[in-house]
Amino acid sequence: MELGKKKQLSFSKSKSNVVQDKDSKIFNLVNVILLLVFTVVIVVPIWNIVASSFASSTALAEGNFIFWPSEISFENYNRVLKDPSIWRSLLVSVGKTVIGVLAHTLFCAIMAYALSKRDLKGRTLYSTMGIITMFFTGGMIPTYLLIKSLGLLNTFWVYIIPALLSYYDVIILMNFFRDVPVSLEESAKIDGASDWKVFTSIYAPLSKPALATIALFHGVWQWNDFMTAKLYVTDKALYPLQMKLYEIITQSQAASSQGLNAALTINTTSKGVQLATIVITTVPIIMIYPLLQRHFISGMMLGAVKE
């Protein structure tokens, strides 16, 4: 009897294992299918934009292709790259992104380092003021009047100074700084290190994942931002790439009101220029992201796992 029960028990366990393996294979297959569908949904529109940017005006007007145009032309890119204002806008975008990322990351890191100290006088008040900025803003018109009173209208620094602080980024860095062992700071101060020396020699090197995450977030925002230029900049010499793209789109829309026949010729050409400009403005971010991906993933995991 006992032998029969053991055989029956082992048989039921093996049967249960077979069922679990089958369910696991089905689950994995469903995940693979969903991932493929999700990839196709994302990749196909992006590829269509790239392919359309290489299409001639005739092929773009017909629009009967998805993966590759019937007639290839580099005229769209020639028009974009031969436009001096594009290169000037590219320089402005690169400058405001690089300077903005460095200034924003440094400013938020310094503020987070100070707020991470529990013995800081007025720490609760500073934290409360920072949290309020996450939920409330001054509004468009008061902000415009403030920017105007500071003399930042039509200046390059309007891209940098108003974007120095993001309390959300401060919170991320502050929580990371709290995980740094206090013994390291105490040892450094015993050796005569100042707070600035402790910050630059201990906290900053140990916080590379968090700093890279903040830098990537703000860099993408700076590169894609055009509302700042639209609201506070009228000098076209200070237009970034995104504002230049916006200008191209509005010009093509204005041209379409001239008539149907004229609009067909103008729109097909301007649409190709728009698509080529979109590709050019997107490529730098795609190239930079893999360089920061490792730090970005580590930074996104901050606080996700607790021992």
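**Note on the predicted model**

1. Of the 307 residues in the protein, 32% are buried, where buried means under 20% relative accessible area, exposed over 50%, and partly exposed in between (1.4 Å probe, protein chains only). This is a predicted model, in which local features need pLDDT of at least 70 and side-chain atom pairs count only at pLDDT 80 or more, while totals for chains, interfaces and linings use all residues. Residues are numbered from 1 along each chain as its sequence is written, and side-chain values use heavy atoms, with hydrogens and water left out.

2. The protein has 13 helices and 0 strands, helices being DSSP runs of H or I of at least four residues and strands runs of E of at least two, numbered from the N terminus.

3. A search of the whole structure finds 5 salt bridges, each a side-chain nitrogen of Lys or Arg within 4 Å of a carboxyl oxygen of Asp or Glu.

4. Lys 189 forms a salt bridge with Glu 185 (3.3 Å, N to O), and because the two residues lie 4 apart in helix α8 (residues 182–190), about one helical turn separates them. Lys 189 is partly exposed at 39% relative accessibility, whereas Glu 185 is buried at 9%. Lys 189 also meets Asp 195 in a salt bridge (2.8 Å, N to O), and Asp 195 is partly exposed at 42%.

5. In helix α12 (residues 241–255), Lys 244 and Glu 247 are 3 residues apart, or about one helical turn; their side chains form a salt bridge (3.3 Å, N to O), and both residues are buried. Elsewhere, salt bridges with shared partners join Lys 117, Glu 185, Lys 189 and Asp 195 into one network.
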